[in-house]
Amino acid sequence: MQKWISVWILLQMISVHVISQTLCVDFKEDLLKGRVKQIDEFMCRFNMEETWDGKKITDKGDKDLRRKYIKTLFDNDTFRRSDGTFSPIIEKFANTITDNGYTLHYEDSTWTAVVKCNATICNRSESITLYLQTRQQAKGEFVWIIKDVKGKLFAYLSDSSDDNKPHLFISPMEHEIGFVGILDKPYRGADLRKMVADDRTTSRLSMLTMLLESGLLKLNTIQHVSFKFSTVPGWSFTVNRKEKKGSYNTGWLITEIMDIKQSDK
């Protein structure tokens, strides 16, 4: 009898272990699904095109559901109060989005990638920041272009102002891999000159072009990437990657937001 009791206890222990292991795996899978892994995924959730676990949303007219999804894209550590509610500016922003049906798209010219790089010039380490935007090259074809650059090297130079001039261009998928392609791009004579205007002025962008072409400037590592959006009229917000263990509120999240009309008062 004692032998059978021992066997029964052993079986119960195995059963509990298997169940706990299964629940743990399911929890980890849900955390992975809930994480905003890519900027394209951030846009899909913002536009209420897919659920947190990647399923397509067919009923896009549910404003309450969209408000919910908009709020999940904010960094809880910054915007959520201890009682679980969000700050008033988040509620106002969510209502603005749902009431007007605003959406984000890769093709928009109203968002900017801010890429902080570690660089070397004449064996001296420097930090520079590149500002990139999307531009249409041909029908259905978009690329990233360097619109501006900032850092100690460029502090006394003018803005790169003419939007009609060609710019340095980068693969349209670079935003999903942290713009590492910038580091290995062959900045050589004819190829580089095709990317910038023939009539060069002493601007930050023309200085960057000259330094890269001459080999005096070497982009070594990407330190940080963030995205600034001014797509929604009257608002601007910044998206950063926030990594958190054991949380659904992780990945690419809104970490800064500004009500432009309110700030101008």
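Modeller: Leaving aside its neighbours within four places in sequence, Ile128 is in contact (heavy atoms within 4.5 Å) with Val115, Lys116, Cys117, Ala119, Val149, Lys150, Phe154, Leu217 and Leu219. This is a predicted model, in which local features need pLDDT of at least 70 and side-chain atom pairs count only at pLDDT 80 or more, while totals for chains, interfaces and linings use all residues. Residues are numbered from 1 along each chain as its sequence is written, and side-chain values use heavy atoms, with hydrogens and water left out.

Ile128 belongs to strand E2, residues 124–138; helices (H or I, at least four residues) and strands (E, at least two) are DSSP runs, numbered from the N terminus. With a relative accessibility of 1%, Ile128 counts as buried, where buried means under 20% relative accessible area, exposed over 50% and partly exposed in between, for a 1.4 Å probe and protein chains only. Although Gln223 is 95 residues away along the chain, its C-alpha atom is 9.8 Å from that of Ile128.

The loop between E1 and E2 holds Asn123, which has a positive phi of about 65 degrees although it is not a glycine. Whereas Ile128 is buried, Asn123 counts as exposed, at 81% relative accessibility.

Because seven of its eight residues are buried, H2 is largely enclosed by the rest of the structure. After H2 comes Met48, in the loop between H2 and H3, and its phi, near 55 degrees, is a positive value in a residue other than glycine. Met48 is buried, with a relative accessible area of 0%.

In helix H3, residues 63–72, the buried residues are Arg66, Arg67, Tyr69, Ile70 and Lys71, and the buried residues of H3 pack against H2 and H5. The N-terminal end of H3 is capped by Asp62, which places a side-chain oxygen 3.2 Å from the backbone nitrogen of Asp64.

Helix H5, residues 88–100, includes Thr96, which is buried at a relative accessible area of 17%. The side chain of Thr96 reaches the backbone oxygen of Lys92 at 2.9 Å. Beyond its neighbours within four places in sequence, Thr96 is in contact with Tyr102, Val232 and Trp235.

As for the chain as a whole, its secondary structure comes to nine helices and seven strands, and 40% of its 265 residues count as buried. Among contacts between residues at least 6 apart in sequence, 60% join residues at least 24 apart.

Technical notes:
A polar contact is a pair of N or O atoms within 3.5 Å; within protein, one must be able to donate a hydrogen and the other to accept it, and residues adjacent in sequence count only if both atoms are side-chain atoms.
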